[in-house]
Amino acid sequence: MSYELRSARLSDLDDLTFLSEISFSAGLVGPYEPCLIEKALPYISHVSKPLVESGQLYVAEAGDGSLVGAGGWSREYHGVPAVDGVAHIRQFVVHPDSMKQGIGRALFHHCLDAASGISQFDCQASLSAVAFYQSLGFCFVSGDEVILPNGVVFPTSLMRYKR
């Protein structure tokens with residue numbers, strides 16, 4: 001599959017939300033119960049407008065203009081203050097029909113290239129994404145959980161990558 005990586009634009013927001021919804025809907029099956037996925041999906045598939053505006057969210061755009069992947073990074077993360085040299089991996093998703101084709105890996109390497117002053121990347125990985133992040137060189141730090149705005153407790157794994 002051919003695709004190009006570029007910075008996400010505000011005009012991509014609807015497509016990014018759709019991509020996130022279908023990616024998470026398919027990718028979370030197994031480690032998570034269907035009722036938990038249903039309750040979590042509106043929150044975990046939400047794409048942050050400030051992240052798009054930062055220029056640090058990237059998309060993989062297929063030749064037909066459709067988005068087949070997205071992923072980015074930021075120094076701040078949901079109220080966690082920025083720490084010098086540390087960034088957080090954000091909104092990594094790949095269309096289910098395009099998984100296992102190197103798109104997620106390409107997006108991560110694009111983030112590495114763009115974040116030259118960053119020596120450590122942390123990630124709140126879904127339980128189903130742990131193996132993907134390990135394949136990129138991330139190490140498991142601890143089991144964790146995210147409490148979503150609707151009170152749902154969403155189990156995750158804190159993963160860390162050091163250059």
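Is Arg6 buried or exposed, and what is its relative accessible area? Arg6 is buried, with a relative accessible area of 13%. Here, buried means under 20% relative accessible area, exposed means over 50%, and partly exposed is in between, using a 1.4 Å probe and protein chains only.

A quick word on the background. This is a predicted model, where local features need pLDDT of at least 70 and side-chain atom pairs count only at pLDDT 80 or more, while totals for chains, interfaces and linings use all residues. Residues are numbered from 1 along each chain as its sequence is written, and side-chain values use heavy atoms, with hydrogens and water left out.

Now for the charged pairs. Side chains of opposite charge can pair when their charged atoms come close. Searching the whole structure turns up three salt bridges, each one a side-chain nitrogen of Lys or Arg within 4 Å of a carboxyl oxygen of Asp or Glu.

| Salt bridge | N to O distance |
|---|---|
| Arg6 and Asp12 | 2.8 Å |
| Arg6 and Glu61 | 3.1 Å |
| Asp122 and Arg160 | 2.6 Å |

Take Asp122 and Arg160, which pair up in a salt bridge. Asp122 sits in strand S5 (residues 120–126) and Arg160 in strand S7 (residues 153–162), so this pair ties together parts 38 residues apart in sequence. Strands are DSSP runs (E, at least two residues), numbered from the N terminus. Asp122 is buried at 9% relative accessible area, whereas Arg160 is partly exposed at 25%.

Salt bridges with shared partners also link Arg6, Asp12 and Glu61 into one network. Asp12 is buried, while Glu61 counts as partly exposed at 23%.

Notes: Helix = DSSP H or I, 4+ residues; strand = E, 2+ residues; numbered from the N terminus.
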